[in-house]
Amino acid sequence: MALVNPVSGHAECVQPLGAPVDPPPPRPAVVKLAVFDFELEDATPAAALLGQTARNDAAMEKVNNDARQMLAKSGRYLLVDVSHVSAQPVREKSLRNCESCEATIALEAGAEQALIGVVRRVTQTDYYVQVQITDARTGKVLNQQSANFAGGPDGWSSGVRMMLKHQVLVSEDDAQMPMVN
């Protein structure tokens, strides 16, 4: 009998001592991921009717930092630096509207996949988070998730972290586990 550490994949306890142990399952390959800044889409009545959008730069900076940190710590991704990319859709934060141009931009930056995210504010206390991961070579969407959350700008990063944890970074084993009543 052997207990395997789920993080390291190493056997920690073998009984009886010295008994042969099967090797741990192979780890999935680490993917080079270009994580572009999340974009804010303000669909609040004030923005729609009056053309006034609130400035939320600090909240969006926290969203970006938290998302990158969580993705890097997952061990699934090696983040590719896209801070130097000067393509117009990146500068204007309009990747969500450029018909998969993020794939080409990510490939040019040396990534295998591209992640774009949108925080869509619909009221002062209601927002959606959308995340899309695209294959940089083919432009094919590999994963697309969205969720609705309640809260103001201070909670946006929490919503993004929750979505990444429960919808994007969920393992295949977790996704196949039966629900317990």
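## Basis of the report

This is a predicted model, in which local features need pLDDT of at least 70, side-chain atom pairs count only at pLDDT 80 or more, and totals for chains, interfaces and linings use all residues. Residues are numbered from 1 along each chain as its sequence is written, and side-chain values use heavy atoms, with hydrogens and water left out.

Helices (H or I, at least four residues) and strands (E, at least two) are DSSP runs, numbered from the N terminus.

The buried residues of H2 are Ala59, Met60, Val63, Asn64, Asp66, Ala67 and Leu71, where buried means under 20% relative accessible area, exposed means over 50%, and partly exposed lies in between (1.4 Å probe, protein chains only). An α-helix has 3.6 residues a turn, so residues three or four places apart point the same way. Among the elements that cover the buried residues of H2 are strand S3 (31-35), strand S4 (39-42), strand S5 (77-80), strand S6 and helix H5 (156-168), contact being taken as heavy atoms within 4.5 Å. After H2 comes Gly75, which has a positive phi near 80°.

Strand S7 (residues 126-135) is mostly covered, with 7 of its 10 residues buried. S7 pairs with strand S6 (residues 113-123) in the antiparallel sense over 10 bridges, two strands being counted as a pair if DSSP finds at least two bridges between them.

The whole structure holds 7 salt bridges, each being a side-chain nitrogen of Lys or Arg within 4 Å of a carboxyl oxygen of Asp or Glu. One of them joins Lys93 to Asp37, with the closest N and O atoms 3.0 Å apart. This pair links distant parts of the chain, since Lys93 lies in the loop between helix H3 (88-91) and helix H4 (101-108) while Asp37 lies in the loop between S3 and S4, 56 residues apart. Lys93 is partly exposed, at a relative accessible area of 39%, and Asp37, at 30%, also counts as partly exposed.

Arg96 and Glu39 meet in a further salt bridge at 2.6 Å, N to O, and the two are 57 residues apart, with Arg96 in the loop between H3 and H4 and Glu39 in strand S4. Arg96 counts as partly exposed because its relative accessibility is 29%, whereas Glu39 counts as buried because its value is 2%. Arg120 in strand S6 and Glu41 in strand S4, 79 residues apart, form a salt bridge whose closest N and O atoms are 3.1 Å apart. Arg120 counts as partly exposed at 29% relative accessibility, and Glu41 does so at 24%. Salt bridges that share partners join Glu39, Glu41, Arg96 and Arg120 into one network.
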